[in-house]
Amino acid sequence: MSKQKLEVLTPQNSQLIFIDQQPQMAFGVQSIDRQTLKNNVVALAKSAKVFNLPTIITTVETESFSGHTYPELLSVFPEHPILERTSMNSWDDQKVRDALAKNGRNKVIVSGLWTEVCNTTFALSAMHDADYEIYMVADASGGTSLDAHNYAMQRMVQAGVVPVTWQQVLLEWQRDWAHRDTYDAVTGVVKEHSGAYGMGIDYAYTMVHKAEERAKHGPTLAPVPAT
């Protein structure tokens, strides 16, 4: 294994690309629940925002076929340009290559649709042509079947791609809870998007540490037994 791949991901050594996170592409996904997929994509985006990570958004055939990128994703990066393409392989578009090079980080974290097409071709091409290290976010990507996703992941891993999950990436960036400048924002992402882990943090804060609830609500009315 390359020595570089033994380096932990940090906010300083990595960049992120979202490939074709568009509704028509999501309609074809069968490898993961699509609401879970969107949750994971948005969670990854918010995680990148916390650490001010260079992030690229690229789309394919928006007007003619794929539809517009999830608004929940775009709202995280309202000022970012959207790099439109015709090729299924993002590497075939010069804008994408230029954006990756401009960011100046060799570790490229990828979330995209579909795993077996757009993710795989980009990963193999970027590794072959420019020696990028690719970290594929498996649970923020989806294929047209579970087999399609899994075999594509296996093919990429055999070629040297590193499989990761969105929460793994977030916590790898954070690394140490003593990093207080990002602590609250990281736990905020977790509470909103990490299911039982997030619920556990809410419970610990409010029930153990007696912090205020996150949500403001009306008065809690005491029980009144019916007569």
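**Aromatic contacts in a predicted model**

Let me start with Trp177, which is partly exposed at a relative accessible area of 38%, where buried means under 20%, exposed over 50% and partly exposed in between, computed with a 1.4 Å probe on protein chains only. This is a predicted model, in which local features need pLDDT of at least 70 and side-chain atom pairs count only at pLDDT 80 or more, while totals for chains, interfaces and linings use all residues. Residues are numbered from 1 along each chain as its sequence is written, and side-chain values use heavy atoms, with hydrogens and water left out.

Searching the whole structure gives four aromatic pairs, and one of them joins Trp177 to Tyr183 in an edge-to-face arrangement, 5.4 Å centre to centre with 75° between the planes. For this, rings of Phe, Tyr and Trp (its six-membered ring) pair if their centres lie within 6.5 Å, and planes under 30 degrees apart count as stacked, over 60 as edge-to-face and the rest as tilted. Tyr183 is buried, with a relative accessible area of 17%, and the charged end of Arg180 sits over the Tyr183 ring, 4.0 Å from its centre; the criterion is NZ of Lys or CZ of Arg within 6 Å of the ring centre and within 35 degrees of the ring normal. Lys38 likewise places its charged end over the ring of Tyr70, 5.3 Å from the centre.

Elsewhere, Trp91, Phe122 and Tyr132 form one aromatic cluster.
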